[in-house]
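I set out to look up the cavities, pockets, salt bridges and nonpolar cores of this structure. My entries are recorded below by topic.

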Amino acid sequence: MTPRQLFLRHQAQTSDFPLLLEIERAEGIYMYGPDGRRYLDLISGIGVSNVGHRHPRVLAGIQAQLDKYLHLMVYGELVQAVPAQLAEAIHQTLPAHLDSVYFTNSGTEAIEGALKLAKRHTGCTGLVSCLNAYHGSTHGALSITGSESFKNSFRPLLPDVHHIRHNELADLEFITEHTAAIIIETVQGEAGVRVPSPDYLPALRARCTEVGALLILDEIQCGYGRTGSMWAFEQFGIEPDILVCAKGMGGGMPIGAFISSTEIMSGFKTNPILGHCTTFGGHPVSCAAALATLQVIQDEKLAEGVAAKAARFRAQLRHPAIRAVRGCGLLMAVEFDSFEVLKPIIDYALEHEGILTDWFLFCDNSLRLAPPLIITDAQIDEACAALLRAVAHITEGGRA
């Protein structure tokens, strides 16, 4: 049987219409099918491949760790050099109080740990999150995800969760002394790249401080250089109590983390002991990939180049059918009138232009752009020309 047949027969599916694009290898910003056809990846595996596919330094880091050992023991018991070095390297990018890093296998797991930590530290049960936010698919993460259509089939979920409107100052009053934490994406992703106004996050930070609630920033999608700074919150003049990251962190390997102060994180050590534990979190191979990824972002100054690359996309993506281009760095949304207009453009771009794009879970009239940060000016020009051909074909020349 072919890989496609095996995929359809035995691998669990998440929709009735999987993309079914078969990839044999990937390099840089390109993926290649078994027939050698090249696809330009404009979504980085949904924000994962920030340094591109199979970056040589990431591969070297993985190989070096493979030559030493793989899994040894459950998280947090044995001293392992690479995870410890990664934790220190991450701390060096952050405000001084964010000095304790807990590694997980994914962003969703990191969200779960952050929620538990907030409840443990504050003694409160209330959680606040935003409408149209996406934080993951496990029960706790799903509870704070702000879309009823995603949640209704899986109730009951966590109690004492309240959703507020993103970027609405009036709704901050719902954060009270009974709130353990508000969790918010620094830049909303699946809502279609919604950037908060300059006064919103400072007001949110002040409200949390006032009532004693913790501020959890979800930078799973917008962190690791994606928005033009190492962390998106650096652009808004605030600091979180807990920071969550994943996706672009591992250079293609599965890893996530939630980060807080030693004082707050110490709550997991007693009452009960092992208040949060994981078998494979902080896996040494994933940590080796993540350490190399971080060093590549820093050494190649990838975040510093984001603003100019984003501007290059914006300057070229002009067409009467394009209603707006929103974004923060290389996390961008290209808006059309409807999903019915957008979906054929995405399909045509993939089939005829070899361009892989996507839409957003809670904003299906907008095309997702989140290319690897290593994308060059020439590759941006190539991608924009191809997208504009797809837009013109669908909106001017009839549907393919």
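The entries that follow take up conventions, core, cavity, pocket and salt bridges in turn.

**Conventions.** I worked on a predicted model, in which local features need pLDDT of at least 70 and side-chain atom pairs count only at pLDDT 80 or more, while totals for chains, interfaces and linings use all residues. Residues are numbered from 1 along each chain as its sequence is written, and side-chain values use heavy atoms, with hydrogens and water left out.

**Nonpolar cores.** I looked for nonpolar cores, each a set of buried Ala, Val, Leu, Ile, Met, Phe, Trp, Tyr and Cys residues joined through side-chain atoms within 4.5 Å. I took buried as under 20% relative accessible area, exposed as over 50% and partly exposed as in between (1.4 Å probe, protein chains only). The largest core holds 86 residues, and Ile90, Phe103, Met249, Phe313 and Phe336 have the most contacts inside it. Helix H10 (residues 284-299) gives the most to this core, with 10 residues; helices (H or I, at least four residues) and strands (E, at least two) are DSSP runs numbered from the N terminus. I then listed the contacts (heavy atoms within 4.5 Å) of isoleucine 90. Leaving aside neighbours within four places in sequence, isoleucine 90 touches Val101, Phe103, Tyr224, Trp231, Met249, Ile259 and Leu294.

**Cavity.** I searched on a 1 Å grid over the protein atoms alone: a cavity is a set of points where a 1.4 Å probe fits but cannot get out, a pocket is an open set with protein on both sides within 12 Å along at least five of seven lines, and lining residues have an atom within 4 Å of a point. Grid points are joined across faces, edges and corners, and a volume is the space filled by probe spheres set on the points. The largest cavity has a volume of about 40 Å³. I noted its lining as Leu317, Ile322, Val334, Phe336, Leu367, Leu387 and Val391. This lining divides into 7 nonpolar, no polar and no charged residues, where Ala, Val, Leu, Ile, Met, Phe, Trp, Tyr, Cys and Pro count as nonpolar, Asp, Glu, Lys and Arg as charged, and the others, Gly among them, as polar.

**Second largest pocket.** I recorded a volume of about 640 Å³. Of the 31 lining residues, Tyr75, Gly76, Glu77, Val101 and Tyr102 lie nearest the centre of this pocket. Helix H4 (81-91), strand S4 (100-104) and helix H9 (262-265) are the elements that give two or more residues to the lining. The largest share, 4 residues, comes from S4. The lining comprises 18 nonpolar, 11 polar and 2 charged residues.

**Salt bridges.** I counted 16 salt bridges in the whole structure, each a side-chain nitrogen of Lys or Arg within 4 Å of a carboxyl oxygen of Asp or Glu.

- Aspartate 358 and arginine 368 meet in a salt bridge at 3.7 Å, N to O. The pair links distant parts of the chain, with aspartate 358 in strand S14 (residues 358-360) and arginine 368 in strand S15 (residues 363-369), 10 residues apart. Arginine 368 is buried, at 3% relative accessibility.
- Salt bridges that share partners join Glu148, Lys151 and Arg155 into one network. Within the pair of arginine 155 and glutamate 148, the closest N and O atoms are 2.5 Å apart.
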